[in-house]
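Reader: I have a chain on my screen and a list of things to ask. Can we go through it step by step?

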Amino acid sequence: MGADLHLDLSDPSGSSGPGGRRAALTRALRDAVREGRLAPGTRLPPYRSLAADLGIARNTVADAYAELVAEGWLTARQGSGTRVAERAEPLRRAERVPRKAPPRARGPRHDLRQGTPDASAFPRAAWLTSYRRALQQAPNEAFGPGDPAGRVELREALTEYLARARGVRTEPGRIVICSGFAHALRLLFGQDGSGGGGVLRGPLAVEAYGLGFHRELLAGAGVRTVPLPLDEDGARVDLLGRQRAVLLTPAHQFPTGGPLHAERRAAVIDWARARGGVVLEDDYDGEFRYDRKPVGAVQGLDPERVIFIGSVSKSLSPAVRLGWMVLPERYVDGVLAAKGEREAWASVLDQLSLADFIVSGAYDRHVRRMRQRYRRRRDRLVAALATHAPRVEVTGVAAGLHAVLRLPPGTERSTVKAAVWQGIALDGLAEFRHPDATEPDMPVRDGIVVGYATPSEHAYGAALEALCAVLPPPGE
């Protein structure tokens with residue numbers, strides 16, 4: 001059919017007759033070729049199509065094309081249509097010369113940062129199969145404005161999957177699709193950019209170790225966070241004060257590791273009932289466990305006192321910007337109001353693809369495959385440390401995608417610095433400590449957080465060797 005053309009037919013002479021229109025069209029096409037907007041070989045629209053687009057007579061277009069063919073700007077062959085001549089070189093202008101792209105910043109030689117799955121393991125073929133099937137089966141209305149709650153197909157698939165895999169009790173009407181955990185926080189506390197005020201207010205109790213990015217996001221929403229000390233049984237929920245909300249990672253505390261003890265899971269529900277409060281449950285890597293029985297969601301203990309938040313950023317990829325909130329009934333309308341009248345964040349086609357990915361069983365197969373891969377990675381890390389750094393204690397490795405390496409007192413900063421010098425990207429444990437956590441309640445411990453899921457398979461061995469080389473020697 002030829003390329004779509006944007007042509008300015010305003011005639012400097014002011015003539016509005018047929019000759020003026022033909023001259024204006026001829027000039028506009030000639031200029032487009034000269035300036036490179038129409039490249040050599042580009043097929044132009046048929047006379048009838050361009051005439052209809054420009055609101056002019058078909059013969060006017062035919063005459064303009066014929067004139068430019070005669071001048072050598074265009075060529076016309078039977079069966080090939082009218083095209084820009086291959087010899088029609090565009091005008092070379094200094095300002096049109098593309099600038100040399102700046103050199104790309106070199107990344108680390110060994111990436112052991114936490115929170116990222118192995119990008120090379122994304123299930124491209126299976127995802128493409130689900131995407132195609134979802135696209136073929138999508139109803140016409142799916143291509144209109146999206147429901148802010150999210151596609152019902154995905155919410156129904158999540159209802160079944162979360163009940164089966166995580167012990168979540170819900171129904172599709174209580175699930176709101178979002179673009180990830182950070183987006184969920186913005187919706188809940190009023191920083192999603194929609195102008196909504198959110199449904200929760202501070203202060204918010206949080207674990208003494210957690211992501212600084214989340215604390216900064218909450219601070220931007222005017223929410224004061226209060227640190228809860230941690231011990232071997234998880235967050236000290238018995239120290240919850242007057243707060244009406246608490247954010248926990250009960251399946252696998254981030255980043256120190258370990259599940260919230262069963263007694264404390266029950267205790268935090270009792271607290272929420274007594275205070276009229278709510279628990280925000282971050283299920284950031286709940287699918288990945290290795291040496292322990294599955295730990296169900298706290299939400300299953302009381303669906304009206306827990307907001308359960310999950311995503312596919314660890315199980316699939318952070319590039320698939322999809323997450324979900326399972327809400328108590330009293331919060332559903334407020335979250336939808338904060339989100340707006342239509343879906344503005346999560347692609348409807350990706351939602352339909354994920355729904356198919358779950359229903360077809362491909363998601364379960366992928367999670368099982370990655371669980372086995374990450375367990376092997378974990379085992380290789382533990383074995384390497386036992387051989388090369390036996391004094392380094394490894395914790396938090398019964399589940400998740402990272403490990404905490406406990407270091408001798410006073411060595412964390414120097415170890416992180418040595419890692420940087422050797423091109424290793426990792427995090428010091430101190431980076432995750434809440435700035436208001438006090439020493440008596442939450443003693444400072446030196447350590448590094450190692451993401452063993454991040455490197456590709458072929459790069460993992462070299463990353464382990466480099467890591468062991470920068471750890472403190474036995475004498476320290």
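**Domains, pockets and pairs**

Author: The C-alpha centres of domain 2 and domain 3 lie 26 Å apart. Keep in mind that this is a predicted model.

Reader: Into which domains is the protein chain divided?

Author: Take the division in chain order. Residues 18-84 make up domain 1. Residues 123-361 and 365-470 make up the others, domain 2 and domain 3. The names are domain 1, domain 2 and domain 3.

Reader: How many residues of domain 2 are in contact with domain 3, and how many of domain 3 are in contact with domain 2?

Author: Contact here means heavy atoms within 4.5 Å. Counted on each side, the contact involves 31 residues of domain 2 and, of domain 3, 33 residues.

Reader: How much space lies in the largest pocket, and which residues are closest to its centre?

Author: The largest pocket holds about 670 Å³ of space. Its lining has 36 residues. Closest to the centre are F181, L211, H214, D282 and K314.

Reader: Which element gives the largest share of the lining of the largest pocket?

Author: Several elements give two or more residues to this lining: α6 (181-189), β5 (204-207), α7 (212-220), β9 (245-248) and β11 (306-311). The largest share is four residues. That share comes from α7.

Reader: By class, how many residues of the lining of the largest pocket are nonpolar, polar and charged?

Author: Sort the lining of the largest pocket by class. The charged residues number seven and the polar ones twelve. The nonpolar count is 17.

Reader: How much space lies in the second largest pocket, and which residues are closest to its centre?

Author: The second largest pocket has about 400 Å³ of space. It is lined by 19 residues. Strands β7 (230-231) and β13 (393-395) each give two or more of them. The closest to the centre are D231, E232, T256, R406 and R445.

Reader: Between which domains does the second largest pocket lie?

Author: Look at where the lining residues come from. By class they are six nonpolar, six polar and seven charged. Both domain 2 and domain 3 give residues to this lining, so the pocket lies between domain 2 (123-361) and domain 3 (365-470).

Reader: Where is L247 placed, and is L247 buried or exposed?

Author: L247 sits in strand β9. Its C-alpha atom is 5.0 Å from that of V206, a residue 41 places away along the chain. Setting aside neighbours within four places, L247 is in contact with F181, L204, A205, V206, E207, L280 and D282. The relative accessible area of L247 is 10%, and under 20% counts as buried, so L247 is buried.

Reader: And V199: what is its relative accessible area?

Author: V199 is in the loop between α6 and β5. Beyond its neighbours within four places in sequence, V199 is in contact with L187, L188, Y331, G334 and V335. V199 is partly exposed, at 23%.

Reader: Now charges. How many salt bridges does the count come to?

Author: Side chains of opposite charge can pair when their charged atoms come close. The cut-off is a side-chain nitrogen of Lys or Arg within 4 Å of a carboxyl oxygen of Asp or Glu. By this rule the count is 24.

Reader: With which residue does D364 form a salt bridge?

Author: D364 is in helix α11 (residues 362-388), and its partner is in helix α5 (residues 152-166), 200 residues apart. The closest N and O atoms are 2.9 Å apart, and the partner is R164.

Reader: In the salt bridge of E329 and R174, which residue is buried?

Author: The closest N and O atoms of this pair are 3.5 Å apart. E329 is in helix α9 (residues 329-339), and R174 is in the loop between α5 and β4 (175-178). E329 is exposed, with a relative accessible area of 55%. At 16%, the buried residue is R174.

Reader: How far apart in sequence are the parts tied together by D302 and R273?

Author: The side chains of D302 and R273 meet in a salt bridge at 2.8 Å, N to O. D302 is in the loop between β10 (278-282) and β11, and R273 is in helix α8 (residues 262-275), so the pair ties together parts separated in sequence by 29 residues.

Technical notes
Residues numbered from 1 in each chain as written. Predicted model: local features only at pLDDT ≥ 70, side-chain atom pairs only at ≥ 80, totals over all residues. Heavy atoms only, no water. 1 Å grid on protein atoms, 1.4 Å probe; cavity = no way out; pocket = protein on both sides within 12 Å on 5 of 7 lines; lining within 4 Å. Points joined across faces, edges and corners; volume = space filled by probe spheres on them. Nonpolar A, V, L, I, M, F, W, Y, C, P; charged D, E, K, R; others polar. Domains from an automatic or database assignment. Buried < 20%, exposed > 50% of the residue type's maximum accessible area, 1.4 Å probe, protein only.
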